[in-house]
Amino acid sequence: MFNNLPRFHMASPRSPLIVMRDTRAWQLQVWVSFGLAVFLCATGLAYLPGQALDRAFMVMGYVFCLSTVFVLSKAVRDTQKASLTGEAETPMWRVVVWGGFAVAMGLTLWGLLRMQIDETYKAYLGVSWLYLVTSAFTLAKTLRDRHEADLAEAHVAGRQQALAERAAATTQVAA
């Protein structure tokens with residue numbers, strides 16, 4: 001809610017472009033949350049009773065989910081950007097990305113439900129897994145926002161440099 005400010009703001013047509021950035025407190029919260037989620041998942045998997053094969057399956061499922069979260073986040077942002085610029089998108093890419101995410105989440109849930117462990121362990125693993133997925137989405141958005149703000153600042157700096165060079169050239173020609 002508080003972090004959904006416009007990324008770029010022009011106060012008036014003659015004023016410079018202001019680049020909006022996430023606060024350091026927000027960035028710290030996102031990283032701490034993601035680190036805590038990874039720690040909770042790792043702890044749950046390290047102390048998971050049962051067979052080593054179940055533990056290996058769950059580790060693979062968590063990693064698969066985590067990687068598909070970052071791919072899906074990028075694909076959603078790229079789709080939004082393409083719709084604004086009118087660029088064409090690769091037709092099957094959306095199916096592959098959403099399908100991969102659905103398969104990762106489905107297989108991990110299936111593996112969690114079929115394990116022969118106490119319901120308390122299943123609940124812990126399930127909640128920590130969902131926390132990992134949601135914090136990964138937030139981290140992906142925060143990293144992408146920072147990247148876009150860096151690009152905007154570079155654009156503003158380049159524009160200011162070009163204006164200064166043009167002014168200097170105009171002054172030299174007039175003299």
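Residues 123-140 are 100% helix and 0% strand, and their end C-alpha atoms lie 26 Å apart. Helices (H or I, at least four residues) and strands (E, at least two) are DSSP runs, numbered from the N terminus. The span is one of those that an unreviewed UniProt entry annotates as "transmembrane region"; the record lists 30-50, 56-75, 95-117 and 123-140. UniProt positions follow the numbering used here, feature names are shortened, and annotations may be inferred rather than shown by experiment. For residues 30-50, the end C-alpha atoms are 33 Å apart, with 81% helix and 0% strand.

The model is predicted: local features need pLDDT of at least 70, side-chain atom pairs count only at pLDDT 80 or more, and totals for chains, interfaces and linings use all residues. Residues are numbered from 1 along each chain as its sequence is written, and side-chain values use heavy atoms, with hydrogens and water left out.

Mean pLDDT (the predictor's confidence in each residue, from 0 to 100) is 86 for the protein chain, and 89% of residues reach 70 or more. Where pLDDT is low, the predicted coordinates should not be read in detail.

The structure holds 10 salt bridges, each a side-chain nitrogen of Lys or Arg within 4 Å of a carboxyl oxygen of Asp or Glu. Asp150 pairs with Arg21, with the closest N and O atoms 2.3 Å apart. Asp150 lies in helix α4 (residues 119-174) and Arg21 in the loop between β2 (17-19) and α1, 129 residues apart.

Arg77 and Glu148 form a salt bridge at 2.9 Å, N to O. Arg77 belongs to helix α2 (residues 52-85) and Glu148 to helix α4, so the pair ties together parts 71 residues apart in sequence. Arg77 counts as buried because its relative accessibility is 15%; buried means under 20% relative accessible area, exposed over 50%, partly exposed in between (1.4 Å probe, protein chains only). Arg144 and Asp78 meet at 2.7 Å, N to O. Arg144 is buried at 16%, whereas Asp78 is partly exposed at 28%. A salt-bridge network links Lys74, Arg77, Asp78, Lys141, Arg144, Asp145 and Glu148.

Val71, Met92, Trp93, Val95 and Val96 make a nonpolar surface patch of about 480 Å². Patches are made of residues with over 30% relative accessible area and no salt bridge; like charges are joined within 9 Å, nonpolar side chains (Val, Leu, Ile, Met, Phe, Trp, Tyr) within 5 Å. Accessible areas come from the Shrake-Rupley method with a 1.4 Å probe; for residues, only the protein chains shown count as cover. Helix α3 (residues 93-114) gives the largest share of the patch, three residues.
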